[in-house]
Amino acid sequence: MAKAYTIESKLPTVQYYCSNDNDDPTAFLTAINQGLSRLSTSFGSTLDPTTSYSLSPFEAISEHLQSSWILYLEDYHQLTPDGELNMLLASLAQNADQLGLQLLVTSRASPPAHWSGAVLKHRVEIFSDLNFNMEELSEIVAEYPVFAEHDAQWLQDLLDYTDGWPAGVILLLERLRLELDEGLSLSETGTQATSDYFMNAIFRHFPEEVQTLLLKSSVLPFLPADDAEDILQIPSAGKLFSTLCNQRTFTFRQTRCPNSGTESKNSYPAFQHQNLFHDFLRQQAEVYLTREDRLAVAQRGAARLEAHGDFSAATAIYVEHEKWEEITALILNNALQLIDSGQIAQLDEAFSRLPDKLIDANPDLLFWCGVCETSLGLASAREHLSKAYGLYCEQGNTVGMAISWRAVVDAIWLSWDGLDQLGDWIKEYDLHADTDYASLPDSFQTSLMMSRFGILSFWSPEHPELPQLEQQLASHVHTPMPTQERALLFVKILYHFTYGTGNQSQTDFYLNVMRTMVQQSPGSPLDQILLSNFEAAYQYCFVGSPKKCYEYVDEALTIGNESGVLVWQSVSLTHGLYMALGQGDIRRTKKYLKQFKQVIGLNNSMHVAFDELFSGWLAMLEGRHSSALRHVDAGLIFLEHNPIPMIRNLFLGGKAALLIQREEWHEAWVVLREVRSFAKAARSNTLEIMARFLQASWCLKRNRLWAARAFLQRARDIGVTQNIFVCPWLAPAQLPGLIAFAIESDIDSGYFSRWVSLYSLKVPSGFAARVRWPWRIKIRTLGALEIRLDGRMLESQGRAHKRLLEILGALITAGPRGISQGELMNEMWPDKSEEKGRSNLNTNLARLRTFIGDPNAVISSEGRVFISRDICWVDSWEFLAESEVGSHIDIDQLVQAEHAYQGEYCVPETGNGAETILRSALANRYLKVARSLARAFEKDPDYTQAIDIYRNILSKLGAEENIYRDLMCCYAKMNRLEGVSVIYGECKQVMLEKYGGGPSKETTNLYQRLISQAD
């Protein structure tokens, strides 16, 4: 990570934090490039990260800047001494003069000796960093038995508060050990512990001007560097502070980033005191400065911080000094921008500092407090918004009534709690339906329209007003509006289409509009988290790509964690849970479910219902059917009082699936009829596919094959039209059976095959037509080595994959049971130690799984390594398993087996002889199969077919003399003596070329007998 700023001498400065887990010169160059780009918009991309070891990029910097610049390396000692980045830094130090570069280094260890020349020339300044790090602090605290029960968070707080300053740590620990400050906070104890030291060793030795500067600056949490003189009313404040920083007198300079701690255009330089020193100065300021003086500094500082966009810092100062008018204005002026930019946690913190009486008396504060709490997923949002609506009504404020009405119903919809109240709010809307909003902006009218659409689409999906609202919204999607309102619009539309009608074309339209909007305003975290949510929902419902869905879910969670947008995190986790449960991924389901409970805190009843839904589904996957049914019944009881038809139908689908598992046939069918009836009334393609799949499953288990076929055909028709690949509650263990039945019934036009690819479904046990199963991974070894993933041939990339193919060849040769890890290590790396061989094996197996395209394709278990026969189709294995010739000859089976053998077994040889044995076994099996098939045709009689098969045998196996005899007999039975002579001549030529002699006596005698019989 790198930060950039300009110091008082106007020299560009980049601060780089060294780390032992990042020795990559490319990352270093990229960070420097980004840092300098922030200082100069014309800087462009002067550094080329591909030139990792060249000084030319730094020469380009000097040429562009036309002045010296400073590179400040923090914690240099963490770099690997002989690492690549250290080599580059050594070159920079040696060439610092010509590069116009000044290096500042903080390090616990001395840099390399070849830096000495640059040090002597004062091009490198090295400062010893003697502060404790976490490991050292832990060792110090461990010496005090009294602190043994303190947790890691306490230790982190201690490190953060003291900045690892050794004297401060020891003084504070000793005072805590002696329990001299029982009941006081860490800050108060720290002040007591260090005040004598700071007073006698530091503060008293400063001139009066510096003392005044320190006392006044302590009123603020930090001091904007460019505004120091104006805020403190001390003309030389900036220079004095710079001197304190250079002398490292518990004061330092930092780059302050107001927006959630990330680098941004709003970043600004600030001076800050070390925590212990700052608390000491605040205590002294209360003694030596009047309240009026402190208040004046606080107000000027807060105003400047507000100008810098540092909302949280300005709020804290106003609250501390009880400046309620100022803080009210600050909140109302910044609330919309904070919500749009994803800084909701800062706004919530501001409201938490205000007295309740102040908020309750101001409808504008009540409104923004409620909007903030809605984004955080807090149930208290409705209370504040309802109060705001009441006050706006009393004032006759039409606009306020409309925006608060919309915010109330949005809060109910997003939290899915108190949904029984929606009917009352719809009536409230109708009471004011004659209000004229025509003079208001389009965005305002659109937001009202979308809120009504949101209520009706979930509360009453079959409402006749919905189609009209949908058309109106489609014409308003490009209307400019704040991010928060636009977000609600799109989440309602997309959620409705995705989980409701399942209409892909409409979803595509709205999703593309959202993508365009995010591209136009890439700086908005809320836009980005919403787009990630929509992309995840799209991958789940229509594309069916688990990997992509999880990527978008995790991206949304990361952005949500950084910006504190909790309500959207719960939506993200919902998509991830649907996908993980649909895949049967129990590990990921448990991970997401744990996060879901942590994020939402189960703080409203609808979240409790979703917890029941996901917990029940998980219990079903784990085979705990009774527990799963209890969860489903609990959710259905809740929904009796909070009617959401769409969600209720999901629970009913779960109940039907569980009743089928328990073989309670009548009860299951009754529930399925209700599910189907609602899906039809609500025009929900997604729910209808769920109903059809579950009905087909019921029929298959009851052996009603014609009905199962009809239900699957209907599911296929809807799925193909809308491109839907999602079916809640259908366990992965059930899907393969349904798909196998669809394939056997010849109703799969590629739709069901796609499910196998998307969800990596395993072939069901006992499925006879394995060759017809739509395998994701097909490996051919007969005739040539081919590996296909989803129909696409994988190509070896030179020497890097040679060893992978050798390992693959060894595993195929070993057969479905695989090979022991020891044997495989000895074959691949006979000259390596066991430890090195095992390391090589694990690394190469991981690479092989990546190359093949499925992490479950190659399995290591109980000391053996094998290819999964449930996921991979291997032609040689299938040939050996299905080509056995018994007493009963099945012509179709023999024809398939004869076609399956495409040529000699071909894998990269490992030299263990197993390939030769398997090659011989496959050839012998093919010879037996093909001869049996040819003789069956001879009996038919169909000598032409028999001759073709004998010719195939010769083309695949080469000089098989007994096949020439079979061919001569065929031609003789057809009374074609010239054919007998031609075959005998071919045999003589082949035997001569291969063995240097003629045919055997048996072949010659047969030829003479056939000719003589004809005569």
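**Ground rules.** Because the model is predicted, local features need pLDDT of at least 70 and side-chain atom pairs count only at pLDDT 80 or more, while totals for chains, interfaces and linings use all residues. Residues are numbered from 1 along each chain as its sequence is written, and side-chain values use heavy atoms, with hydrogens and water left out.

**The whole protein.** The protein has 48 helices and 15 strands; these are DSSP runs numbered from the N terminus, with helices (H or I) of at least four residues and strands (E) of at least two. Of its 1015 residues, 54% count as buried. Here buried means under 20% relative accessible area, exposed means over 50%, and partly exposed lies in between, with a 1.4 Å probe and protein chains only. The protein exposes about 45,000 Å², and carbon and sulfur atoms supply 49% of that area; accessible areas come from the Shrake-Rupley method with a 1.4 Å probe, and for residues only the protein chains shown count as cover. Among contacts (heavy atoms within 4.5 Å) with a separation of 6 or more, 64% are between residues 24 or more positions apart.

**A pair of helices.** Helix 34 (residues 665-681) and helix 35 (residues 685-701) have axes that come within 9 Å and cross at roughly 155°. The axes are lines fitted to C-alpha atoms over the stretch in contact, and angles run from 0 to 180 degrees between N-to-C directions. Helix 34 is therefore roughly antiparallel to helix 35, a term used for angles over 145 degrees. Residues making the contact include Trp665, Trp669 and Phe678 of helix 34 and Leu687, Met690 and Trp698 of helix 35.

Helix 46 (residues 961-973) reaches 19 Å from its first C-alpha to its last, close to the 18 Å expected for 13 residues at 1.5 Å a residue; the expected span is 1.5 Å times one less than the number of residues. Eleven of its 13 residues are buried, so helix 46 is largely enclosed by the rest of the structure. Among the buried ones are Ile963, Tyr964, Leu967 and Cys970. Asn975, which follows helix 46, has a positive phi near 60°.

The table gives the location and relative accessible area of each.

| Residue | Location | Relative accessible area |
|---|---|---|
| Ala407 | helix 21 (residues 398-415) | 8% |
| Thr189 | helix 9 (residues 186-202) | 2% |
| Tyr268 | strand 8 (residues 268-273) | 3% |

Leaving aside neighbours within four places in sequence, Ala407 is in contact with Phe367, Val371 and Leu385. The contacts of Tyr268 beyond four places include Phe222, Arg256 and His308. The C-alpha atoms of Tyr268 and Arg256 are separated by 5.4 Å, although these residues are twelve apart along the chain.

**Backbone features in loops.** Most residues other than glycine have a negative phi, and most peptide bonds are trans. Glu322 has a positive phi of about 55°; it sits in the loop between helix 15 (311-320) and helix 16 (324-340) and is exposed at 54% relative accessibility. Glu663 also has a positive phi, near 60°. Its place is in the loop between helix 33 (645-661) and helix 34, where Glu663 is exposed with a relative accessible area of 55%. Finally, a cis peptide bond joins Asp940 and Pro941, with omega about -15°, and Pro941 lies in the loop between helix 44 (914-939) and helix 45 (943-957).

Definitions and conventions. Angles under 35 degrees count as roughly parallel, over 145 as roughly antiparallel, 65 to 115 as roughly perpendicular and the rest as oblique.
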